[in-house]
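Here's a quick tour of charged side-chain pairs. Have the model open as you read.

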Amino acid sequence: MKRNAFILIFALLMLLSACTPPAATPSDPAAPQSGAGKPAETSETERETPPVQTPAKDEVVNAYEKATEVMTWFELGAGSMEDINYEVTKEVDEKSYCPVEHEDFSTLAEFDDYLRAMFSEGLVTELLDRGQFRDIDGKLYVLSADRGSDIFISDERSYELIPESGTKFILRVTYGVYAEDDEGGPTESIGQEESTDAVYEYVDGKWVFTQYTYIG
């Protein structure tokens with residue numbers, strides 16, 4: 001009886017051993033691989049933000065001169081723009097507006113984008129809030145009004161680029177002011193020199209002017 005029971009137990013152990021799968025080896029495709037299923041870790045180099053490209057002085061001066069051209073449209077009015085169709089006018093709130101036919105923009109939205117490429121959001125909002133440019137029937141129009149420039153301000157400019165940080169520069173603009181003659185007009189000689197600062201900063205992935213004062 002005991003012998004039969006021993007044989008039965010031995011048979012059961014052999015059956016269980018046959019049903020148990022062999023341990024997976026590293027070469028076994030079913031074996032879990034180290035790190036499998038986990039996202040690849042990003043190296044420190046890959047995580048680094050690309051360095052900001054520092055602009056050269058000539059680049060900042062060129063950007064300033066382009067910004068000055070645009071700012072002239074706001075300060076001196078429609079007469080300073082070449083792409084105005086004066087043959088067409090529309091009256092809004094008892095004011096006359098003419099269509100703008102610039103090659104880079106023809107709608108207010110496009111003009112907004114054009115301004116944001118050189119000025120900060122705050123400056124763009126301030127400029128457009130003046131109401132000189134407006135949308136009429138889906139087209140960009142400008143107020144048909146202008147003023148003359150300051151005849152005492154010389155056209156000559158000198159520039160000094162002052163770095164404040166890797167993402168902020170001060171462009172100091174120096175200009176001459178003509179002396180006044182006996183009749184109250186400008187002479188041909190510079191009476192004094194004055195300067196103003198424009199702030200050029202790297203904001204939201206681009207270089208723009210965050211502070212600008214028009215001369216003239």
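Is Arg172 buried, partly exposed or exposed? Arg172 is partly exposed, since its relative accessible area is 31%. Keep in mind that this is a predicted model.

Arg172 has a partner: its side chain meets that of Asp197 in a salt bridge, 2.8 Å from N to O.

Next up is Glu75, which forms a salt bridge with Arg130; their closest N and O atoms are 3.2 Å apart. Here helix α3 (residues 57-76) supplies Glu75, while Arg130 comes from the loop between α5 (121-128) and β3 (133-136), so distant parts of the chain, 55 residues apart, get linked.

Lys90 and Asp137 make another salt bridge, at 2.5 Å from N to O. Lys90 belongs to strand β1 (residues 90-92) and Asp137 to the loop between β3 and β4 (139-143), so their contact ties together parts 47 residues apart in sequence.

Asp137 counts as exposed, with 61% relative accessibility against a cut-off of over 50%. Lys90 is partly exposed, at 28%.

## The overall tally

The structure holds 6 salt bridges, among them Asp197 with Arg172, Glu75 with Arg130 and Asp137 with Lys90.

Notes: Residues numbered from 1 in each chain as written. Predicted model: local features only at pLDDT ≥ 70, side-chain atom pairs only at ≥ 80, totals over all residues. Heavy atoms only, no water. Salt bridge = Lys/Arg side-chain N within 4 Å of Asp/Glu carboxyl O. Helix = DSSP H or I, 4+ residues; strand = E, 2+ residues; numbered from the N terminus. Buried < 20%, exposed > 50% of the residue type's maximum accessible area, 1.4 Å probe, protein only.
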